[in-house]
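Trainee: I am new to this structure and would like to go through it by question and answer. Please show me the sequence and the model before we start.

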Amino acid sequence: MDGEGLVVLGSVTLPGVGRSVGCARAFVRDFLAGLPDRDDVVMAVSETVANAVTHTASGLEGGLVTVTVAAGSGTVRLEVTDDGAWGTRPYVKDDPGAETGRGMRIVQGLAARWGYRADGTRTVVWAEFPAPDGWVRGRDAVSGPG
């Protein structure tokens with residue numbers, strides 16, 4: 001985890017298949033119960049996991065996608081780790097009217113900030129969202145959803 005002062009609340013590794021998008025949404029939705037604007041994080045995980053399955057080695061046979069949720073002072077951080085995309089990295093397409101490529105534009109619009117980092121051949125896409133300090137302090141790293 002590259003964000004300073006963040007504590008991992010939970011993580012799940014899923015197969016790199018289309019149905020994992022819904023599983024990732026359910027994981028985040030349940031895990032972030034009570035978080036204002038939780039739907040923004042749910043939408044972001046949907047877009048980033050769909051991108052991982054569609055545009056990276058995660059979508060190949062045996063591929064995996066890992067979703068991690070962390071929190072710190074006033075922040076919830078979503079990380080989606082894919083199996084790598086042969087040296088290409090995520091970006092926001094220049095054409096907002098394009099029929100494809102809107103996923104990272106959506107994430108950019110919802111998150112306070114976003115980016116990516118290499119982890120060996122894998123890529124970690126992260127997005128941060130505001131969270132009330134009271135909500136963050138009320139969570140604990142091993143409690144899980146609910």
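Predicted model: local features only at pLDDT ≥ 70, side-chain atom pairs only at ≥ 80, totals over all residues.

Mentor: To begin with a helix pair, H1 and H2 pack at an angle of about 155 degrees, and their axes are 9 Å apart.

Trainee: Is H1 roughly parallel or roughly antiparallel to H2?

Mentor: Angles over 145 degrees count as roughly antiparallel. The angle between H1 and H2 is about 155 degrees. H1 is therefore, relative to H2, roughly antiparallel.

Trainee: Is the crossing of H1 and H2 left-handed or right-handed, and which residues make the contact?

Mentor: The crossing in which H1 passes H2 is right-handed. From H2 the contact takes Arg38, Val41, Val42, Val45, Ser46, Val49 and Ala50. From H1 it takes Ser20, Val21, Ala24, Arg25, Val28, Arg29 and Asp30.

Trainee: How many residues in the contact of H1 with H2 are nonpolar, polar and charged?

Mentor: Val and Ala count as nonpolar, while Arg and Asp count as charged. By class, the contact of H1 with H2 has four charged, two polar and eight nonpolar residues.

Trainee: How do the axes of H2 and H3 lie to each other, and what is that arrangement called?

Mentor: H2 covers residues 38–55 and H3 covers residues 103–110. Their axes come within 9 Å and cross at roughly 155 degrees. H2 and H3 are therefore, to each other, roughly antiparallel.

Trainee: Is the crossing of H2 and H3 left-handed or right-handed, and which residues meet there?

Mentor: H2 and H3 cross in a left-handed way. On the H2 side the residues are Asp40, Met43, Ala44, Glu47, Thr48 and Asn51. On the H3 side they are Gly103, Met104, Ile106, Val107 and Leu110. By class, the contact of H2 with H3 has two charged, three polar and six nonpolar residues.

Trainee: How many aromatic pairs are there, and is the pair stacked, edge-to-face or tilted?

Mentor: Rings pair if their centres lie within 6.5 Å, and the count comes to one aromatic pair. The ring centres of Phe27 and Phe31 are 5.3 Å apart and the ring planes stand at 35 degrees, so the pair is tilted.

Trainee: Where do Phe27 and Phe31 lie, and are they buried or exposed?

Mentor: Both Phe27 and Phe31 are in helix H1, residues 19–31. They are four residues apart, about one turn of the helix. Phe27 and Phe31 are both buried.

Trainee: Where is Leu32, is it buried or exposed, and which residues does it touch?

Mentor: Leu32 is in the loop between H1 and H2. Its relative accessibility is 0%, so Leu32 counts as buried. Its C-alpha atom is separated by 9.1 Å from that of Val76, 44 residues apart along the chain. Not counting residues up to four places away in sequence, Leu32 touches Arg38, Val41, Val69, Val76 and Trp135.

Trainee: Which strand holds Thr13, and which residues does Thr13 touch?

Mentor: Thr13 lies in strand S1, residues 7–15. Its relative accessibility is 46%, so Thr13 counts as partly exposed. Apart from residues up to four places away in sequence, Thr13 touches Leu64, Val65 and Thr66.

Trainee: How far apart are the C-alpha atoms of Trp114 and Trp126?

Mentor: Trp114 is in strand S4, residues 113–119, and at 21% relative accessibility it counts as partly exposed. Trp126 is 12 residues from Trp114 in sequence, and the C-alpha to C-alpha distance is 5.5 Å.

Trainee: How many helices and strands does the chain have, and in what order do the elements run?

Mentor: The chain has four helices and five strands. From the N terminus on, the order is β-α-α-β-β-α-β-β-α.

Note on methods:
Residues numbered from 1 in each chain as written. Heavy atoms only, no water. Axes fitted to C-alpha atoms, helices over the stretch in contact; angles between N-to-C directions. Helix = DSSP H or I, 4+ residues; strand = E, 2+ residues; numbered from the N terminus. Parallel < 35°, antiparallel > 145°, perpendicular 65-115°, else oblique. Left-handed = near helix turned anticlockwise from the far one by under 90°. Contact = heavy atoms within 4.5 Å. Phe/Tyr/Trp six-rings, centres within 6.5 Å; stacked < 30°, edge-to-face > 60°. Buried < 20%, exposed > 50% of the residue type's maximum accessible area, 1.4 Å probe, protein only.
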